[in-house]
Amino acid sequence: GGSNETPKANGANAKHDASSTGSATGGTTLLEFLASSSRELKENVPDEARDIQTPHPTSSSTSPEVESIVAYENRGLGIRFSHSKPANQPQFIILKATFFNSNPDMDITELVFQVAVPKSQKIQMKPITSSDVAPLSSAHQSMRIHNPQQGPLKLRMKISFSVGGEEVQETKDFSGFPSNVR
């Protein structure tokens, strides 16, 4: 009866599914076919393509960062910028701000760093790694600037922090980037 027909129907469907992949393997299951196809693809990849698929730890999707530029120094807090450009995206600039506490015995606390750019540009900022910077150590903050007209980079920085019980708040314009940073 009916119970004998059910396994035949399932077996026929399994064969149909495997053959619908375009494989002429007959009784091979879909999983076996996919696993063997994956192995064949990996084995037939030229060495040049393997290098592309597995980048070396030193390679990057952005141009290498150049030496950093000092943008601010006050009460032991130094802010330096390093920059890079994403590959094939000349209208973007990646800036990394490094906040260094040069005080040998005082913490910098409650550090807040805000940046504005001209209306022709747009900025996206990631959070600072730490709003408290121990003596002789640093924190970082990355930002991505969209500069479609590739005009000179100008930043208005708003910096606030506390050091030795004193609150410091400053606004500073900075445009000291090399002329090729656009």
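I am working with a predicted model, where local features need pLDDT of at least 70, side-chain atom pairs count only at pLDDT 80 or more, and totals for chains, interfaces and linings use all residues. Residues are numbered from 1 along each chain as its sequence is written, and side-chain values use heavy atoms, with hydrogens and water left out.

**Fold.** I looked up the secondary structure and found three helices and eight strands in the protein chain. Helices (H or I, at least four residues) and strands (E, at least two) are DSSP runs, numbered from the N terminus. Along the sequence I read α-α-α-β-β-β-β-β-β-β-β.

**Burial.** Of the 182 residues in the protein chain, 26% are buried. Buried means under 20% relative accessible area, with a 1.4 Å probe and protein chains only.

**Core.** The largest nonpolar core has 29 residues, and Phe81, Phe113 and Leu155 touch the most other members. Such a core is a set of buried Ala, Val, Leu, Ile, Met, Phe, Trp, Tyr and Cys residues joined through side-chain atoms within 4.5 Å. Strands supplying at least two residues each include β1 (69-74), β4 (108-116) and β8 (166-174). β7 gives the most, with five residues.

**Ser160.** This residue lies in strand β7. Is Ser160 buried or exposed? Ser160 counts as buried because its relative accessibility is 18%. Leaving aside neighbours within four places in sequence, I find Ser160 in contact (heavy atoms within 4.5 Å) with Glu110, Leu111, Val112, Val168 and Gln169.

Note on methods:
Buried means under 20% relative accessible area, exposed over 50%, partly exposed in between (1.4 Å probe, protein chains only).
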